[in-house]
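This briefing is intended for a reader who has the sequence and coordinates at hand. Please consult the display below before reading the points that follow.

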Amino acid sequence: MISGKTPSQRPSTTAETSMLIHALQKTLDANLVSPPSQKELCDMFKISRRKIMNIFQRNFGLSVSSYNRLQRMYRAEYLLKTTALTIDGIATDLGFSSPANFSTAFKAYAGVAPGKFRQAIEKNK
């Protein structure tokens, strides 16, 4: 026993926390289109909702849903820069209900609509 606590009561180590953060990120990043809910994450990783919320807030400054939204926008930016996929195709690939919803979300993220973003990239090549 360390300082009167049983092994299950000891705080997790930095290595354990780092591994958990990596596993949570990997799970969410692999499921951008249909991410697991916080409850599903809790069940998968056997941790509380509060712990997941604290981990994301402390390490990313974001909620789980904001983290997922941001990752989708990073992926959209990458696809716009590196592929010839249409805006409709990217919207579908990233799980948006419509190209208009994707365009609105992307404009909020990047400050410009996806088509204008792609035009600017092409111009600068």
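The model is predicted. The protein chain contains 7 helices and 0 strands, and 28% of its 125 residues are buried.

**Overall architecture**

- Along the sequence, the protein chain follows the pattern α-α-α-α-α-α-α.
- Of the contacts in the protein chain with a separation of 6 or more, 49% are between residues 24 or more positions apart.
- The protein chain has an accessible surface of about 8,200 Å², and carbon and sulfur atoms account for 55% of that surface.

- Leu24 lies in helix α1, which spans residues 14-30.
- Leu24 has a relative accessible area of 0% and is therefore buried, the cut-off being under 20%.
- Setting aside residues up to four places away in sequence, Leu24 touches Leu41, Phe45, Ile55 and Phe56.
- For one of these residues, Phe45, the C-alpha to C-alpha distance to Leu24 is 8.3 Å, and the two are 21 residues apart in sequence.

**Packing of α1 against α4**

- The axis of α1 comes within 10 Å of that of helix α4 (residues 64-82), and the two axes cross at roughly 55 degrees.
- The helices α1 and α4 are therefore oblique to each other, and their crossing is right-handed.
- Helix α1 contributes Gln25, Leu28 and Asp29 to the contact, while α4 contributes Val64, Tyr67, Asn68 and Gln71.
- By residue class, this contact of α1 with α4 comprises 3 nonpolar, 3 polar and 1 charged.

Definitions and conventions. Residues numbered from 1 in each chain as written. Predicted model: local features only at pLDDT ≥ 70, side-chain atom pairs only at ≥ 80, totals over all residues. Heavy atoms only, no water. Helix = DSSP H or I, 4+ residues; strand = E, 2+ residues; numbered from the N terminus. Buried < 20%, exposed > 50% of the residue type's maximum accessible area, 1.4 Å probe, protein only. Contact = heavy atoms within 4.5 Å. Axes fitted to C-alpha atoms, helices over the stretch in contact; angles between N-to-C directions. Parallel < 35°, antiparallel > 145°, perpendicular 65-115°, else oblique. Left-handed = near helix turned anticlockwise from the far one by under 90°. Nonpolar A, V, L, I, M, F, W, Y, C, P; charged D, E, K, R; others polar. Areas by Shrake-Rupley, 256 points an atom, 1.4 Å probe, with all protein chains shown as cover.
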